[in-house]
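Hi,

Here is the structure I said I would pass on to you.

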Amino acid sequence: MKSVNLIFVLVITSLIAFTGCNQPKPVKTIQNLKDGIIGETTAGKKYEAFAQKAREEGFDTIAKLFDAASKAESIHAANHKKVLDELGETMEDFTPEFEVKTTAENLQAAITGESYEVSTMYPQFLADAKAEKVEKAEKSFTWAFDTEKKHNDFYTAALAALNTGSERNLPVGYAVCPTCGNTYDIAGVDAKCAFCQTDKEKFITFN
Ligand SMILES: [Fe+2]
Ligand SMILES: [Fe+2]
């Protein structure tokens with residue numbers, strides 16, 4: 001009787017192991033994580049350069065927005081990279097490529113980039129992560145997707161203010177959640193991050 005039980009256990013264990021090996025690799029999500037890392041890293045470097053340009057042109061409040069968004073994008077890149085590492089995949093080397101123009105043009109370029117991420121890129125990444133059941137990727141993509149919507153609004157307001165000479169009405173500073181990159185007008189932070197519940201005391205401020 002004991003040996004029958006042992007055989008039963010062995011058969012079940014082998015079946016579980018066999019099924020585990022046959023889990024399909026989440027190929028779309030792996031590629032999306034890589035593309036996301038390239039996009040977020042490039043955006044982070046680009047906004048850093050745009051911040052410097054805005055300071056040179058005397059737009060300090062807009063420079064703070066670029067600094068805050070740059071930080072947020074680097075957090076998104078790091079979060080995506082962590083998921084990729086956990087999937088046992090490695091990232092190829094790449095060089096971020098972008099152009100720096102006037103602050104008005106840079107804001108327009110930032111809006112174009114954020115709009116693409118919000119309308120096309122992240123909705124597709126999220127659909128793929130759901131279909132392939134990669135929950136950690138879904139979480140990382142959701143944090144980025146929700147943040148980019150806010151960046152898009154901040155940049156749109158900044159460009160409108162620049163065009164009407166009313167930058168003084170823009171936020172005086174910004175706060176960034178170190179966990180998910182959520183970006184706040186510093187005058188309106190939540191006690192805990194609305195996306196990930198991190199305490200506001202931990203937020204990185206650009207003031
Ligand atoms: Fe963004
Ligand atoms: Fe957060």
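Below is what turned up, going from the overall layout down to single residues.

First, a caution: this is a predicted model. The protein chain has 207 residues, and 37% of them are buried. In the way of secondary structure, you'll find five helices and three strands. Following the sequence, the pattern reads α-α-α-α-α-β-β-β.

**How the helices pack**

When two helices pack together, the things to quote are the angle between their axes and the distance between those axes. Let's start with H2 and H3. Helix H2 covers residues 27-56, and helix H3 covers 60-86. Their axes come within 7 Å and cross at roughly 160°. Since angles over 145 degrees count as roughly antiparallel, H2 and H3 are therefore roughly antiparallel to each other. The crossing is left-handed. As for what sits in the contact of H2 with H3, the residues there split into 15 nonpolar, seven polar and eight charged.

Next come H4 (residues 103-131) and H5 (residues 135-164), which pack at an angle of about 155° with their axes 8 Å apart. That angle makes H4 roughly antiparallel to H5. The crossing of H4 and H5 is left-handed, and the contact of H4 with H5 is made up of 17 nonpolar, seven polar and six charged residues.

H2 also packs with H4, at an angle of about 165° and with the axes 11 Å apart. So H2 is roughly antiparallel to H4, and H2 passes H4 in a left-handed crossing.

**The helices one by one**

Just after H2, Gly-58 takes a positive phi of about 85°.

H3, with 27 residues, reaches 40 Å between its first and last C-alpha, close to the expected 39 Å. Is H3 mostly enclosed or mostly open to the outside? Of its 27 residues, 19 are buried, so H3 is largely enclosed by the rest of the structure. Just after H3 there is Gly-88, where phi is positive at about 75°.

For H5, the 30 residues should span 44 Å at 1.5 Å a residue, and its end C-alpha atoms are 44 Å apart, so the two agree. Just after H5 you'll see Gly-165, with a positive phi of about 65°.

**The core**

Which residues have the most contacts inside the largest nonpolar core? They are Ile-62, Leu-65, Phe-66 and Ala-158, in a core of 44 residues. The elements giving two or more residues to this core are H2, H3, H4, H5 and strand S1 (174-176). H3 gives the most, with 11 residues.

Phe-206 lies in strand S3 (residues 204-206). With 22 other C-beta atoms within 10 Å, Phe-206 reaches the cut-off of 20 or more, so it counts as buried. Phe-206 and Ala-63 are 143 residues apart in sequence, yet their C-alpha atoms are 9.6 Å apart in space.

Ala-157 sits in helix H5. It has 17 other C-beta atoms within 10 Å, so it comes out as partly exposed. Between Ala-157 and Pro-171 there are 9.9 Å in space, C-alpha to C-alpha, and the two are 14 residues apart in sequence.

One is Lys-133, with phi near 55°, in the loop between H4 and H5. Is Lys-133 buried or exposed? There are 12 other C-beta atoms within 10 Å of it, so Lys-133 is exposed. The other is Gln-197, with phi near 70°. You'll find Gln-197 in the loop between strand S2 (183-185) and S3. Gln-197 is exposed too, with 12 other C-beta atoms within 10 Å.

Definitions and conventions:
Residues are numbered from 1 along each chain as its sequence is written. Chains are lettered from A and ligands numbered from 1 in the order in which they are written. This is a predicted model: local features need pLDDT of at least 70, side-chain atom pairs count only at pLDDT 80 or more; totals for chains, interfaces and linings use all residues. Axes are lines fitted to C-alpha atoms, for helices over the stretch in contact, and angles run from 0 to 180 degrees between N-to-C directions. Helices (H or I, at least four residues) and strands (E, at least two) are DSSP runs, numbered from the N terminus. Angles under 35 degrees count as roughly parallel, over 145 as roughly antiparallel, 65 to 115 as roughly perpendicular and the rest as oblique. A crossing is left-handed if the near helix is turned anticlockwise from the far one by less than a right angle, and right-handed if clockwise. Ala, Val, Leu, Ile, Met, Phe, Trp, Tyr, Cys and Pro count as nonpolar, Asp, Glu, Lys and Arg as charged, and the others, Gly among them, as polar. The expected span of a helix is 1.5 Å times one less than its number of residues. A nonpolar core is a set of buried Ala, Val, Leu, Ile, Met, Phe, Trp, Tyr and Cys residues joined through C-beta atoms within 7 Å.
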